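Take a walk through this structure, one contact at a time.

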Amino acid sequence: MKEKVELLKNELIEKINNVKSIKDLNDLKAEYMGKTGIITELQSGIKDVPNEEKKEYGMNVNILKVAFNENYESKFKLLEEEEVNKKIESERIDVTLPSKKIRQGSKHPMTRIQEELEDLFVSMGYDVYDGPEIETDENCFQKLNLPLGHPARDAQDTFYLENEYEAFLLRSQTSTGQVRVMEANKEKGPIRIVCPGKVYRRDDDATHSHQFMQMEGLVIEENVSLADLKSTLEIFCKKLLGEKTEVRFRPSFFPFTEPSVEVDVTCFKCGGKGCPLCKQTGWIEVLGAGMVHPNVLAMCGYDPEKYQGFAFGVGLDRFAMFRYGITDIRTIYGNDLRFLNQFTKGDELDEIK
Ligand code: DAH
């Protein structure tokens, strides 16, 4: 019996030593100590042992049990430690590795144009007025000399709100800013503002979008003329389209200005010689303008005998299209990153990339 115990003991110690994982160690435990395990069976075999040998038999089985448990415990601790170390190693963070590149956003081309123009006009003493996009018919049309049923409204069909808000519409032009600023000016003194922002119309094709951007300009003073308007617009067009740009006025009609002009600039592509962009004319139409109509002044509380004013309205998208060579206005509002990523030049945060 003694040799058998010694043999079994050595065997189980060797087996425990060779085990490589906690799972295998537990399998070994089942093999020796489980319900039908080697040691368990030896233990229950005591009933067949003659009485006088029972004591020694019991002691020997116990030696095996103790040997198994001691070796099991120490091996278990060892394996557990090993597994924890492996886990730590596999999850280690190397803080010295270079980080992932953070994708830097950039200003939208329309924001760039808007900010550039705001800066220019602020440098000429203008304030920037930011009017609401939801407007009344009065502010969008009536007070701009477009009474109900006026035919010029057709070109500016827009979107109308419903139910309890049916008195409101989405402004079709930033000229609404003129009305708001004149009415808000309690002293009825001079005004010099630009009003950039979104406008809406029932349009949707390659050069017209249902939502686009305009910038309105309004100057009210006791003594301003069409010449002031022209020099102002010359500065503006040269700044945006190049120093060589020349400006030309053509007579036109807008209900809220009298006289009204359409403003053309020399084609920035061919310099005025004629090319497909300017349809061989050398000129490109860029904005509408004129002297504020006396009716508009009067409806907004100004004395037309005392004050004159000039106004202009620019489609900013058109300028962006010229400036950046964009052929379809809808790409401006499509939010396609392949398009937007091209406009990173000049952003203060560029260096971070
Ligand atoms: N509001 C006009 C439009 O959307 C543009 C315009 C023309 C504005 C002449 C003006 C102006 O202030 O004087 O078509």
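**Charged pairs and a ligand**

Glu11 and Lys15 join their side chains in a salt bridge, with 3.9 Å from N to O. The model is a predicted one. Why can two such side chains pair? Side chains of opposite charge can do so when their charged atoms come close. Both residues belong to helix α1, which covers residues 2-18. They are 4 residues apart there, so about one helical turn separates them. How open are the two partners? Glu11 is partly exposed, at 38% relative accessibility. Lys15 is also partly exposed, at 31%.

Now look at a pair that spans more of the sequence. Glu183 and Lys143 form a salt bridge, and their closest N and O atoms are 2.7 Å apart. Glu183 sits in helix α7 (residues 176-184), while Lys143 sits in the loop between α6 and β3. The pair therefore ties together parts that are 40 residues apart in sequence. Are these two residues buried or exposed? Lys143 counts as buried, because its relative accessibility is 16% and the cut-off for buried is under 20%. Glu183, at 30%, counts as partly exposed.

Next, turn to the strands. The side chains of Glu221 and Arg192 meet in a salt bridge, at 3.1 Å from N to O. This pair links distant parts of the chain. Glu221 is in strand β5 and Arg192 in strand β4 (residues 191-200), 29 residues apart. Glu221 is partly exposed, with 21% relative accessibility. Arg192 is partly exposed too, with a relative accessible area of 33%.

Some charged residues go beyond simple pairs. Across the model, the count of salt bridges comes to 16.

The side chain of Gln173 places an N or O atom 2.6 Å from a nitrogen atom of the ligand. The side chain of Gln214 has an N or O atom 2.9 Å from an oxygen atom of the ligand. Phe312 takes part through its backbone: an N or O atom there lies 3.4 Å from a ligand oxygen atom. How much of the ligand does the protein bury? Alone, the ligand exposes 360 Å², and the protein buries 92% of that.

Finish on the surface. Here Ile134, Tyr165 and Phe168 form a nonpolar patch. Together they have about 280 Å² of accessible area. Where does Tyr165 lie? Tyr165 is in the loop between α6 (137-140) and β3 (168-170). Lys143 is placed in the loop between α6 and β3 as well. Tyr165 has a relative accessible area of 45%, so it counts as partly exposed.

How values were computed. Residues numbered from 1 in each chain as written. Predicted model: local features only at pLDDT ≥ 70, side-chain atom pairs only at ≥ 80, totals over all residues. Heavy atoms only, no water. Polar contact = N/O pair within 3.5 Å; in protein donor to acceptor, adjacent residues only side chain to side chain. Areas by Shrake-Rupley, 256 points an atom, 1.4 Å probe, with all protein chains shown as cover. Patch = residues over 30% accessible without salt bridge, like charges linked within 9 Å, V, L, I, M, F, W, Y side chains within 5 Å. Salt bridge = Lys/Arg side-chain N within 4 Å of Asp/Glu carboxyl O. Helix = DSSP H or I, 4+ residues; strand = E, 2+ residues; numbered from the N terminus. Buried < 20%, exposed > 50% of the residue type's maximum accessible area, 1.4 Å probe, protein only.
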